[in-house]
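Dear colleague,

I am passing on the structure we spoke about, with some notes below it. Please look through the sequence and the model before reading on.

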Amino acid sequence: MHRPLRVAIIGAGPAGVYTADSLQKADIDFDVSIDLFDRYPAPFGLIRYGVAPDHPRIKGIITALHRVMDRGDIRFIGNVEYGTDIHLEELRTFYDVVVFATGAIKDARLNIPGVEAENSFGASEFVSWYDGHPDVDRHWDLSAREIAVIGNGNVALDVARVLAKPASQMLETEIPDNVYAGLKASQATDIHVFGRRGPAQVKFTPLELRELKSAEDVDIILYEDDFEFDEASEKAAAEVNQVRNMVNTLTNWLLEQDDNPEGTGASRRLHLHFLEAPEEILTDQGKVAGLRMQRMELDGTGNVQGTGEMKMYPVQAVYRAIGYFGSAVPDIQFDEERGTIRNAEGRVLGADGKPVQGLYTSGWIKRGPVGLIGHTKGDALETIGHIIEDAEHLYTAEQPDEQAILDLLDQRGVEYSDWNGWQELDNYEMSLGELETQSGPVERERVKVVDRDEQIRISRAKARQAAHS
Ligand code: NAP
């Protein structure tokens with residue numbers, strides 16, 4: 001073909017960046033020209049708006065993603081929302097291939113009475129708040145003294161750790177000022193994390209579990225009765241390194257606690273409960289007032305069944321960390337059960353169940369919200385493998401010129417941003433951190449700009465100046 005294959009990727013999170021990177025680096029005999037769109041002026045999706053700011057590995061991932069984009073062979077077009085600023089029909093005229101990598105940001109639904117009560121929060125909303133997501137209300141009610149976190153995945157651990165850690169320990173991260181002020185004013189004394197299965201069935205990963213111990217002035221409390229192992233648990237602990245590792249860590253913590261039953265007298269306690277499933281959120285005048293849990297027992301296969309025994313926990317807030325769920329993407333077939341785009345190994349399927357030419361998907365919106373960030377790379381490879389296989393039939397764009405899409409956005413008055421714009425915003429946030437470091441006792445790497453209009457203003461300042469000169 002005499003021209004490059006034009007590819008639009010919707011979503012500049014890890015899935016979008018890895019897909020673009022893998023396609024650029026693939027051993028192929030045709031050229032590609034890739035535009036990476038995001039609805040926000042800042043790229044990186046859940047890395048910026050979903051990972052806990054005190055997570056030690058986050059910096060390495062951001063550096064790697066930056067390196068990919070700094071190469072200059074992937075064009076970033078930020079602040080453009082698919083389905084609002086640009087529609088599928090239009091994208092099809094500019095691009096031969098459209099890849100949806102829109103991720104999963106909603107909370108999975110917990111169907112128990114009381115779930116709609118005030119102070120019953122989806123974990124993803126809270127994560128968005130502490131990560132400075134521009135679309136989330138900046139006020140957060142942290143008046144609860146006793147808090148329940150439901151779920152035994154890494155998100156539950158993130159939420160519990162952020163709720164338990166002293167705000168001063170969070171200040172050195174990139175949290176926005178209002179988040180620091182909110183956490184500092186928190187009344188929390190006891191955070192209860194509930195898993196419906198046993199210690200051998202947790203979905204946490206070892207590093208993330210051990211990270212709990214990094215929280216200062218927090219006692220971790222475990223309960224001996226919760227350490228139940230059935231045949232399947234013992235088999236898993238014997239055969240799977242990760243399960244053995246988790247069970248050993250938790251059991252050691254329980255033993256340490258036996259040596260020191262009073263704890264250290266820390267200001268906050270983080271309780272890890274197992275074999276308790278949520279039955280009902282109790283309310284008082286519409287607000288969370290307690291949580292009714294059912295005792296579960298292992299059934300021999302690593303699954304659980306109810307015992308009928310109930311226990312009430314007096315809590316004033318509930319955080320539901322039972323997994324994420326994808327949002328439907330306009331004009332694309334969506335699997336409402338799984339929260340994913342209907343697809344076969346990354347080829348988007350139409351209403352007839354057959355692949356739609358030129359449409360692909362990658363990341364959590366393709367396979368569901370499971371796996372660590374690294375797993376997204378394998379996923380991207382599978383999707384681009386199919387793009388490469390299909391390539392010769394894909395050259396269908398009527399306006400493949402790289403300028404055409406920008407002209408349309410300009411005509412529409414869409415204030416899109418580019419990679420230079422992101423670098424401006426990135427530098428600005430780091431300079432705010434430096435300023436704070438000079439004036440205060442705590443070194444702050446960056447201070448995030450939350451307000452979307454302000455992000456746009458900073459990202460587009462140079463482009464505006466250039467247009468006027
Ligand atoms: P997850 O790993 O799927 O964990 C969900 C948890 O919720 C499980 O313990 C599950 O229990 C429980 N659950 C589900 N439905 C429930 C119900 N109705 N009642 C009570 N409990 C229920 O999901 P996640 O924590 O949202 O994490 C999503 C992905 O992101 C994971 O792959 C995770 O590792 C990754 N992540 C990684 C990090 C990191 O720091 N590395 C941070 C955040 C997220 P069952 O097992 O019994 O179903």
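Leaving aside its neighbours within four places in sequence, which residues is Arg347 in contact with? Please keep in mind that this is a predicted model. The residues in contact with Arg347 are Arg342, Pro355, Leu359, Tyr360, His386, Glu389 and Asp390.

Two of these contacts can be described further. The side chain of Arg347 makes a polar contact of 3.2 Å with the side chain of His386, and another of 3.1 Å with that of Glu389. Arg347 itself sits in strand β19, which covers residues 347-349. Its relative accessibility is 18%, and because buried means under 20%, Arg347 counts as buried.

The other part of my notes is about the ligand. There are 24 residues around the ligand, and those that come nearest are His55, Asn154, Arg196, Arg197 and Gly371. By class, this shell consists of eleven nonpolar, seven polar and six charged residues. Helix α6, residues 154-164, gives the most to the shell, with three residues.

Some individual distances to the ligand follow. A polar backbone atom of Gly371 is 2.7 Å from an oxygen atom of the ligand. For Lys203, a polar side-chain atom lies 3.0 Å from a ligand oxygen atom. For Glu208, a polar side-chain atom lies 3.0 Å from a nitrogen atom of the ligand. The ligand taken alone exposes 930 Å², and 84% of that is buried by the protein.

Best regards

Note on methods: Residues numbered from 1 in each chain as written. Predicted model: local features only at pLDDT ≥ 70, side-chain atom pairs only at ≥ 80, totals over all residues. Heavy atoms only, no water. Near = heavy atom within 4 Å. Polar contact = N/O pair within 3.5 Å; in protein donor to acceptor, adjacent residues only side chain to side chain. Areas by Shrake-Rupley, 256 points an atom, 1.4 Å probe, with all protein chains shown as cover. Helix = DSSP H or I, 4+ residues; strand = E, 2+ residues; numbered from the N terminus. Nonpolar A, V, L, I, M, F, W, Y, C, P; charged D, E, K, R; others polar. Buried < 20%, exposed > 50% of the residue type's maximum accessible area, 1.4 Å probe, protein only. Contact = heavy atoms within 4.5 Å.
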